[in-house]
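Visitor: Could you take me through one part of this structure closely, with the cut-offs behind each term? I would like to look at the helix and its charged side chains, with the rest as background.

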Amino acid sequence: MENTKNKKKCAIHDVMLCTFCEKEIIEAKLTYTEDAEPSHIKCLEDFNKHWEDRAVMMDLMGY
Ligand SMILES: [Zn+2]
């Protein structure tokens, strides 16, 4: 099996701003959304959680 993922090792000099809270992201907390937008790991988790909660609620409500 070949690993097709290319891990780029380039220094990021630009300040990355979170797509959710619009604050600076340090590299250790940087992740990307499905749309390749930079975001905090926590913010993306919260975002995903929000939609999971909604989905669960919809299920409970019978939609
Ligand atoms: Zn954020």
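Guide: The structure holds 0 disulfides, a disulfide being a pair of cysteine sulfur atoms within 2.5 Å. Please keep in mind that this is a predicted model, in which local features need pLDDT of at least 70 and side-chain atom pairs count only at pLDDT 80 or more, while totals for chains, interfaces and linings use all residues. Residues are numbered from 1 along each chain as its sequence is written, and side-chain values use heavy atoms, with hydrogens and water left out.

As background, the protein comes to 1 helix and 2 strands, arranged along the sequence as β-β-α; helices (H or I, at least four residues) and strands (E, at least two) are DSSP runs, numbered from the N terminus. Of its 63 residues, 16% count as buried, where buried means under 20% relative accessible area, exposed over 50%, and partly exposed in between (1.4 Å probe, protein chains only).

Turning to the charged side chains, a search of the whole structure finds 2 salt bridges, each defined as a side-chain nitrogen of Lys or Arg within 4 Å of a carboxyl oxygen of Asp or Glu. In one of them the side chains of Asp46 and Lys42 meet at 3.0 Å, N to O; both residues lie in helix 1, 4 residues apart, about one turn of the helix. Asp46 is partly exposed, with a relative accessible area of 43%, whereas Lys42, at 53%, counts as exposed. The side chains of Lys49 and Asp53 also meet in a salt bridge, at 3.2 Å, N to O, and being 4 residues apart in helix 1, they too are separated by about one helical turn. Lys49 is partly exposed at 44% relative accessibility, and Asp53 is partly exposed at 38%.

On the strand side, Thr33 lies in the loop between strand 1 (30–32) and strand 2 (38–40) and counts as buried at 14% relative accessibility. Leaving aside neighbours within four places in sequence, Thr33 is in contact (heavy atoms within 4.5 Å) with Thr19, Phe20, Ser39 and Leu44.
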